[in-house]
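Subject: Structure handover and side-chain contacts

Hello,

Here is the structure you are taking over. My notes on its side-chain contacts follow below it.

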Amino acid sequence: MSLQPPSLASRPKGGSAPTTKAVILVGGPSRGTRFRPLSMELPKPLFPVAGHPIIEHCFRAVAKVPDVKEVFIVGYYEESVFQPFINTVSNVFPQLSVKYLREYQALGTAGGLYHFRDVILKGKPDRFFVLNADVCCSFPLNDMLKLFEDKDAEAVMLGTRVANDSASNFGCIVSDAHTKRVLHYVEKPESHISNLINCGVYLFATECIFPAIRSAIKRRTERPRLLSYPSSENLESSFYQGEDEDDNKENAVIRLEQDVLSDIADSRQFFVLETKDFWRQIKTAGSAVPANALYLMKAYQTGSEELATPSANIIPPVYIHPSAQIDPTAKIGPNVSVGPRVHVGAGVRIKESIILEDSEIKHDSCIMYSIVGWNSKIGAWARVEGTPTPINSHSTSIMKNGVKVQSITILGKECGVGDEVRVQNCVCLPYKELKRDVSNEVIM
């Protein structure tokens, strides 16, 4: 133990080292609309990207922090939805105790934390990580912990640089380049203030975050709320006025990003760790494809043994589930994930795509920039393709003939594409049979 006086953030309890927990925010079923048609079958956090559920990538990062022994998943899905995943992840990471905390309604990113504060604070942890499950990155949690301790911080957030023109779609951070202190934080500013944005990964001192949320709730109850009419773009993250507004205003949605972080920035013990590694939000169904590519590239760089061995017909990085059957003449990669029990025929070409379990892809067909849903069947000589978008772009929609369309083609569960049929830039809802060429459409 060091002889310097214990800091506010890392004050040992009863002489022991500081303790750390982790919370992973998963949201709930009513929020997953932008992930349709894939979220009709499976909650977004459980959707497989690079061979593993999106949320499992969070767990893999948390498991690398020796200090963390307890992880909470907070959301408002039914408990039964996450139970199989929790059973699996508890076997893979036996050192972690994993619990699901179900909100009785959507409470917002900060409201959920506050509602379960007694459970999180049990055992008096000094600090805890908060990870948004719909984020794809390398989660440098140990680096955040080091900055937290070095700076005697009350809060550390992960930040990254994006192009100036897309920065205002995110929470923007103004920081001191030398000290890394957050000077100012604005969620989705109307004018450009910074291209350093919030990655949705935090480390909070327990003594700082709960009083900050309590102040936000207090402000909400004391101030008559102006009802804003959000644009459809922001509907998902906006405040929903209940039809019968509960007198207990603690039920209102309180969000870290909009309601709490700018206050913590004023406390002067708030820092940002800027990651130079990859980062991307997984909002729309199409964004699973670039996220898949980023995770696969990272796995390839770190020499992961899960990936398929490169060969003349396997262009790395590629993940193939051991139960999938791939004809040796099929050419696959780069950036492809093939799920369990998939059948891929002779002469097939697949790149930049996710093929979900139990799908069948017949000979000589071509799949690019697409997601093929569970149990789908692609006919011989068929083409299923999207449009490549720049790797640093944070959008998966493009303009075609003056209309905004998905750049990634998505086939829902049990879709069929006939022999020699071409499907381009389409989103196809489950159980549809495509017998003619289609492009730039949503097939309902």
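Glu 385 and Arg 422 meet through their side chains in a salt bridge, with 2.8 Å from N to O. The pair links distant parts of the chain: Glu 385 belongs to strand β25 (residues 383–385) and Arg 422 to strand β30 (residues 422–424), 37 residues apart. Glu 385 is buried, at a relative accessible area of 6%, whereas Arg 422 is partly exposed, at 35%. Please keep in mind throughout that this is a predicted model.

Salt bridges

The count of salt bridges comes to 20. Side chains of opposite charge can pair when their charged atoms come close.

One of these bridges joins Glu 149 to Arg 127, where the closest N and O atoms are 3.0 Å apart. Here too the pair links distant parts of the chain, with Glu 149 in helix α5 (residues 141–150) and Arg 127 in strand β6 (residues 127–132), 22 residues apart. Glu 149 is partly exposed, with a relative accessible area of 41%. Arg 127 has a relative accessible area of 1%, so it counts as buried, the limit being under 20%.

Another bridge is formed by Arg 341 and Glu 357, with 3.1 Å between the closest N and O atoms. Arg 341 is in the loop between β17 (336–338) and β18 (343–344), and Glu 357 is in the loop between β20 (353–355) and β21 (360–361), so this pair ties together parts that are 16 residues apart in sequence. Arg 341 counts as partly exposed at 40% relative accessibility, and Glu 357 is partly exposed at 30%.

There is also a network of salt bridges, which links Lys 21, Glu 70 and Lys 99.

Aromatic residues

The number of aromatic pairs is ten. In the pair of Phe 170 and Trp 279, the ring centres are 5.6 Å apart and the planes stand at 75°, so the pair is edge-to-face; planes over 60 degrees apart are put in that class. Phe 170 sits in the loop between α6 (164–167) and β9 (171–175), while Trp 279 sits in strand β13 (residues 279–281), so the pair ties together parts that are 109 residues apart in sequence. Phe 170 counts as buried at 7% relative accessibility, and Trp 279 counts as buried at 8%.

Phe 128, Tyr 202, Phe 204 and Phe 210 form one aromatic cluster. A charged residue also lies over a ring: Arg 117 is over the face of Tyr 114, 3.9 Å from the ring centre.

Cysteines

How many disulfides does the structure hold? The count is zero. A disulfide is a covalent bond between the sulfur atoms of two cysteines. For Cys 199, the closest cysteine sulfur is that of Cys 137, at 6.1 Å, which is too far for a bond, because a disulfide needs the two sulfur atoms within 2.5 Å. Cys 199 counts as buried, at 1% relative accessibility. Cys 172 likewise counts as buried, at 1%.

Regards

Methods: Residues are numbered from 1 along each chain as its sequence is written. This is a predicted model: local features need pLDDT of at least 70, side-chain atom pairs count only at pLDDT 80 or more; totals for chains, interfaces and linings use all residues. Side-chain values use heavy atoms; hydrogens and water are left out. Rings of Phe, Tyr and Trp (its six-membered ring) pair if their centres lie within 6.5 Å; planes under 30 degrees apart count as stacked, over 60 as edge-to-face and the rest as tilted. Helices (H or I, at least four residues) and strands (E, at least two) are DSSP runs, numbered from the N terminus. Buried means under 20% relative accessible area, exposed over 50%, partly exposed in between (1.4 Å probe, protein chains only). A charge sits over a ring if NZ of Lys or CZ of Arg is within 6 Å of the ring centre and within 35 degrees of the ring normal. A salt bridge is a side-chain nitrogen of Lys or Arg within 4 Å of a carboxyl oxygen of Asp or Glu.
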